[in-house]
Amino acid sequence: MPSPQSATNQSDDRPSGGQPIDVLVVGAGVSGLTIAHDLAINYQRQVLVAEAQDRVGGAIISRQNNEGYLWEEGPNSFQPAPELLRLAVNVGLEDQLVLANGKLPRFVFLKGKLNAIPMSPPAAIATPLLDWGSKIRLALGAIGFARPAMAGEESVDQFFSRLLGKQAVAHLVAPFISGVYAGDPKRLSARAAFAKIFRLENNYGGLVAGAILSGKDRQAQKAKNTDLPQVKAGELGSFKQGIKMLPEAIATKLRSQGTPVKQQWTLRSLNRQDDIYIAKFDTPTGEEIVMSRAMVMATPAYVTADLLKDYLPSASQALSKIFYPTVACVVLAYPKTEFAYDMQGFGNLIPRTEGVRTLGTIWSSSLFAGRAPQGWQLLLNFIGGTLDPALAKLSDSEIIQAVHQDLKKTILRPDTKAEPKAIAVHRWDKAIPQYEIGHLQLLATVEAELKKSQGLYISANFIGGVALGDCIKRSLQEAIKIEQFLAK
Ligand SMILES: Cc1cc2nc3c(=O)[nH]c(=O)nc-3n(C[C@H](O)[C@H](O)[C@H](O)COP(=O)(O)OP(=O)(O)OC[C@H]3O[C@@H](n4cnc5c(N)ncnc54)[C@H](O)[C@@H]3O)c2cc1C
């Protein structure tokens, strides 16, 4: 593949006939579909979406069976950010939105029992998750009395230890990191992985002051979005038939308005001649070539790295350094009578100190109606991650047994004889990109080299946040840049 500078000197690789389209989007996860939707529907651009798998949605996988279970194997819920809600409304999903009660407690399993995570100052004073020294330490840190940061980039562990104290990190922050990133707080970058929280400290001098001031921004946002479904604090979203309704509805709308969304189209190579991108795909009916003025890579970092290897070597090398650990999503069900708790809650996280391998469990059927038959409890368990690479060597039945034994220690009755009803085991060999120390530097390298290839854009979950709302927000910002480029 030629370098961007030499691309115009190459022999003509373009298929004869046919005009280039405006934008080719590679990858039909939520990032790619959001960009395609914005450019095709809102900006009326000629777009084609190409996806390697035989379905859209990427990491979003919702399934159901004829026994009455409905489950997720990727994201299980989302924070109903205005950008996400607007997209859902635009593709006709307003009536399909479901919201989990924001007051449902979240638990941390510590010293043999579940403890509710404190969500208010009085609850923080009463919580058994921290000793008194740690509570005072946390309170002081939250209002801005903390050691100044050391030189160099801080890890998540260093940042929160400095601000909130070691025990708060071990009992609250680290389990949360396992739950969101399946990551290692000592390797993750505070600035990259927790950009918003990092800014609260830097801009406002403390988490509480920051939270109050940024709360004002949220109120202003809310006032601007009165036409959207109204959401109460802490509520989490999904759709009646699972999160996959969102990518499927976007793809349906795109197709109905004349934008092709191709499945089983795997990008094999890309080239650029005379300012036109030439992408070659493997498809079930042979090779297909698409020419476009702009092109978006909405694929995982390791895929993008491979495809840009010869074309943008520095960007490719930087992208190949982004680490994705293996995580398994283990979906199990038990009769409700087998639990040691009443199971009114969001789920539980487990600090690595408790001798439990499972990272956390989402009490899925307690969150959303219609996820399990009467009398049964559906659990989504996550196991593996950066700190447990050995998980990759276990068979599915060994993984199910490991999770079952952990559930007996955590939320099932210790004397239960029940065996799990195994609904699904989904192994994510490369699950979630880790925003490790040096991540922002890697992205800066990518950004710098991308400037040499006008019209080429990258939008995926290794930039600007992994949550679905972050992917949508970032993709909308990217769509604006692409539209400006096309309009030139
Ligand atoms: C197990 C798990 C649990 C999660 N839980 C939550 C949660 O509860 N809440 C939340 O908000 N977020 C959660 N996330 C994160 C969130 O789901 C992802 O960050 C987000 O869905 C990523 O979207 P994306 O479009 O950037 O990437 P992806 O969804 O990875 O999409 C990339 C697409 O590119 C395609 N592709 C790859 N190679 C090619 C090629 N050569 N040619 C064409 N297409 C190609 C892929 O097939 C894929 O469809 C979770 C993620 C995982 C894995």
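## Reading a predicted model, feature by feature

Student: How should I read exposure here: does Lys336 count as buried, partly exposed or exposed?

Tutor: The general idea is to count other C-beta atoms within 10 Å of the residue's own, where 20 or more make it buried, 12 or fewer make it exposed, and anything in between is partly exposed. Lys336 has 15 C-beta neighbours inside 10 Å, and therefore it counts as partly exposed.

Student: Which residues does Lys336 touch, if I leave out those up to four places away in sequence?

Tutor: Lys336 touches Met343, Gly375, Trp376 and Gln377. Take Gln377 as an example of how sequence and space can be read side by side: Lys336 and Gln377 are 41 residues apart in sequence, yet their C-alpha atoms are 5.5 Å apart in space.

Student: In which sense does E13 pair with E16, and over how many bridges?

Tutor: E13 and E16 pair in the antiparallel sense over nine bridges, and within this pairing Tyr334 stands opposite Gln377 in E16. E13 also pairs with E17, again in the antiparallel sense, over seven bridges, with Leu332 standing opposite Ala422 in E17.

Student: What should I know about the side chains of a regular strand?

Tutor: In a regular strand, the side chains alternate between the two faces of the sheet.

Student: What joins E6 to E7?

Tutor: Four bridges join strand E6, residues 106-110, to E7, and the two run antiparallel. One of the partner pairs is Leu110 with Lys113 in E7.

Student: Where does Asp275 lie?

Tutor: Asp275 lies in the loop between strand E10 (266-273) and strand E11 (276-283). It has a positive phi of about 65° although it is not a glycine, and with 11 C-beta neighbours inside 10 Å it counts as exposed. The two strands form a hairpin with two residues between them, and Asp274 in the turn has a positive phi of about 50°. E10 and E11 pair in the antiparallel sense over seven bridges, and Thr266 stands opposite Asp282 in E11.

Student: In which loop is Gln44 found?

Tutor: Gln44 is found in the loop between helix H1 (30-42) and strand E2 (47-51). Gln44 has a positive phi of about 60° although it is not a glycine, and it counts as exposed because it has 11 C-beta neighbours inside 10 Å.

Student: How many residues are in the largest nonpolar core?

Tutor: That core has 71 residues, and those with the most contacts inside it are Leu24, Val25, Ala36, Val49, Ala279 and Val296. Leaving aside neighbours within four places in sequence, Val25 is in contact with Gly32, Ile35, Ala36, Val47, Val49, Val296 and Ala298. Apart from this core lies another, of 67 residues, including Tyr69, Trp71, Leu110 and Ala192.

Student: Finally, what domains does the domain assignment give?

Tutor: The assignment gives domain 1, made of 7-59 + 244-322 + 436-487, and domain 2, which is 120-224. Four residues of domain 1 are in contact with seven residues of domain 2, and on the domain 1 side these divide into two nonpolar, one polar and one charged.

How values were computed:
Residues numbered from 1 in each chain as written. Predicted model: local features only at pLDDT ≥ 70, side-chain atom pairs only at ≥ 80, totals over all residues. Domains from an automatic or database assignment. Contact = placed C-beta atoms within 7 Å. Nonpolar A, V, L, I, M, F, W, Y, C, P; charged D, E, K, R; others polar. Core = buried A, V, L, I, M, F, W, Y, C linked by C-beta atoms within 7 Å. Pairing = 2+ DSSP bridges.
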